[in-house]
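Student: Can you walk me through this one? I'd like to start with charged pairs.
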Amino acid sequence: MEIDSEKIVKKLAHKLEKLPLPISLKNESDLEFAVLPIIKRFIQKELGINDKKHILYHHGRNKDEKNLWSKSKPLQNIELLGTHTYDMLIIHPKIGSLVLEFKYAASAKNPLTSRIQRIIGQSLIAKLKHPYVISCLVFKRKGKRPQLGLLEKLKKDLQENHKIYLIVRDH
């Protein structure tokens, strides 16, 4: 059976967009580790793989995971006026490579606009080496909400023209 890699990436992006997040999130690291079990289950279900050791690379919490993360740098790093490394990477022959980048905005000190600009820039750089990117910006809702019409237009453009799946959601 042929795997439609884009369909799988869209499915994971949709899952991350709708996923209930724990109230205890305080930073980007908490966000990454909150979604990690869901990503592992998704890989197991969609790709039929139980051993995710050489498919999913992330910062890690234990020595083995951290060593695997360090060894994955040549697979994921992009050299463009400096080295760019991402939060997670999935590599599988049937879908290619997928970068996952996460941002967490807990306060109004760093406006959402600058966070969106940063995550889109990182995503475009990731596309120089990897066919797919899922970028997820989670923010604590305070004050003004993003203008949904323009945000949807931006998300559609990134997805259709760059295979970047932008998620902007509140916590």
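Tutor: A salt bridge is a side-chain nitrogen of Lys or Arg within 4 Å of a carboxyl oxygen of Asp or Glu. This is a predicted model: local features need pLDDT of at least 70, side-chain atom pairs count only at pLDDT 80 or more, and totals for chains, interfaces and linings use all residues. Numbering runs from 1 along each chain as its sequence is written, and side-chain values use heavy atoms, without hydrogens and water.

Student: How many salt bridges are found in the whole structure?
Tutor: The search finds 8. One of them joins Glu17 and Lys155, at 2.9 Å from N to O.

Student: Which helices do Glu17 and Lys155 lie in?
Tutor: Glu17 is in α1 and Lys155 in α6 (residues 148-162), so the pair ties together parts 138 residues apart in sequence. Helices here are DSSP runs of H or I with at least four residues, strands are E runs of at least two, and both are numbered from the N terminus.

Student: Is Lys155 buried or exposed?
Tutor: Buried, with a relative accessible area of 12%. Buried means under 20%, exposed over 50%, partly exposed in between (1.4 Å probe, protein chains only). Glu17 is partly exposed, at 25%.

Student: What does Lys103 pair with?
Tutor: Lys103 forms a salt bridge with Glu101, with the closest N and O atoms 3.0 Å apart. Both residues are buried.

Student: New topic. Where is Leu81?
Tutor: Leu81 sits in the loop between β2 (78-79) and β3 (83-84). Leu81 counts as exposed, at 91% relative accessibility.
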